[in-house]
Amino acid sequence: MTAPSGFLRQRSVGDGIPRLEALEKALGAAVYTDDMVLPGMLHGALLLSPHAHARILSIDVARAKALPGVKAVVTGADLPPGARLGMLIKDENPLARDRVRYAGEPVAAVAADTIEIARAAVSLVDVRYETLPAVFSIDEALAPGAPILHEDFAGYFKVMDLGSLADNELCHSRIVHGDVDAGFAASDVIVEQTYETPAQYHAYLEPASALASVDVLDKVTVWSSTQSISRTQANIHEALGIPMAKIRAIAPRIGGGFGGKSEATVQIFAVMLARAARKPVKMVLSREEDMVAMRSRHPARIRVKTGATKDGRLTAREIEAWVDGGAYAEESPVII
């Protein structure tokens, strides 16, 4: 039977669907953020915290600014008062201010004529830290007397009910369906085991990258390797106080993301530097920087208890999962 004129044929199961960008990628014609060049463009670099938990006593950028070729240096002091990021909980400063809470947290950013000068300047930023006790596992975080990562957590703006929480707990989620106790009572066999999964680096081929430009009216255009241009726009707005109507976010071709580029990566730093230098700034992390500074998939400890009858029918399942959200909430409440 022939489909009526004007109707598209329904694809059947098993049909191959060509990717829209396959040809340009195969021919090497795809343009990624790091391929882009703007007139007068500078290069940005980040200073990352070497400590898992520390208080910032002072930051001296004088030597970095004095290096020939350096056009701008920014720190957390250059952020608007009260600027905090977070998709669900506003708990993170884009650049650390008073404390750092993970090894690799961005502390300062530099823009210079070349990436080599920018990285040299980063090494000249003098940060004095007071190291604090840190936690590195779920058990350490929940132990009595554990160091509290966010002492002012109760005062953070939140967009959802997180449940009744103890220190260092981010959120609780509980789902109940049916009568689990009755299901286990009807079981002939019960199997119970605890499983652990480690943190996973997303391992995208293209590291975090952004190119920011600011025009004479202070309108921002940022090209970046991102999975969400709307979240990129929102994060820049929340971090820097720029009106949404003055932020244009563009995603060129993306060399992988897998969840690791759904929130802010380096876009805010590129914009801060571009506004300070009044020139376009491109920032591309090295592979080592990306692995240290960017988010990983969550480590977890999961206890699974399953009941079944002798004929193989499942009667009940109880799961208790603890997920390590790291130093900041980001998407963790949604993940759990």
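Trainee: Let's start with Thr-75. Where does Thr-75 sit?

Mentor: Thr-75 belongs to strand S3, residues 70–75. Keep in mind that this is a predicted model.

Trainee: Why is Thr-75 called buried?

Mentor: Its relative accessible area is 11%. Buried means under 20%, so Thr-75 counts as buried.

Trainee: And what does Thr-75 touch?

Mentor: Leaving out residues up to four places away in sequence, Thr-75 touches Ile-59, Val-61, Leu-95, Val-107, Ala-108 and Met-272. Contact here means heavy atoms within 4.5 Å.

Trainee: Now strand S9. How do you know that S9 is largely enclosed?

Mentor: Count the buried residues: five of the five in S9 (residues 220–224) are buried, so the rest of the structure largely encloses this strand. Both faces are covered, with Val-220, Val-222 and Ser-224 on one side and Thr-221 and Trp-223 on the other.

Trainee: In which sense do S8 and S10 pair with S9?

Mentor: S8 (residues 209–214) pairs with S9 in the antiparallel sense over five bridges, and Leu-211 stands opposite Trp-223. S8 and S9 form a hairpin with five residues between them, and Asp-218 in the turn has a positive phi of about 65°. S10 (residues 247–250) pairs with S9 in the parallel sense, over four bridges. There, Ile-247 is the bridge partner of Val-220.

Trainee: How does the chain get from S9 to S10?

Mentor: It goes through helix H6 (residues 229–240), making a right-handed β-α-β crossover.

Trainee: What span does H6 have, and what span is expected?

Mentor: H6 has 12 residues and reaches 16 Å from its first C-alpha to its last, close to the 16 Å expected at 1.5 Å a residue.

Trainee: What do the buried residues of H6 pack against?

Mentor: They pack against S9, S10 and helix H7 (267–277). Among the buried ones in H6 are Ile-236 and Leu-240.

Trainee: What makes H7 largely enclosed?

Mentor: Nine of its 11 residues are buried, so the rest of the structure largely encloses H7. The buried ones include Phe-269, Val-271 and Leu-273. Arg-278, with a positive phi near 60°, follows H7.

Trainee: Which residues touch the most other members of the largest nonpolar core?

Mentor: Of its 38 residues, those are Leu-46, Ile-236, Leu-240, Val-266, Val-271 and Leu-273. H7 gives the most to this core, with eight residues. Val-271 touches Ala-212, Val-220, Val-222, Ile-236, Leu-240 and Ile-242, not counting residues up to four places away in sequence. Apart from this core lies another, of 20 residues, among them Val-107 and Ala-108. Those two are also contacts of Thr-75, where we began.

Methods
Residues are numbered from 1 along each chain as its sequence is written. This is a predicted model: local features need pLDDT of at least 70, side-chain atom pairs count only at pLDDT 80 or more; totals for chains, interfaces and linings use all residues. Side-chain values use heavy atoms; hydrogens and water are left out. Buried means under 20% relative accessible area, exposed over 50%, partly exposed in between (1.4 Å probe, protein chains only). Helices (H or I, at least four residues) and strands (E, at least two) are DSSP runs, numbered from the N terminus. Two strands pair if DSSP finds at least two bridges between them. A crossover is right-handed if, with the strands pointing away from the viewer, the path from the first strand over the helix to the second runs clockwise. The expected span of a helix is 1.5 Å times one less than its number of residues. A nonpolar core is a set of buried Ala, Val, Leu, Ile, Met, Phe, Trp, Tyr and Cys residues joined through side-chain atoms within 4.5 Å.
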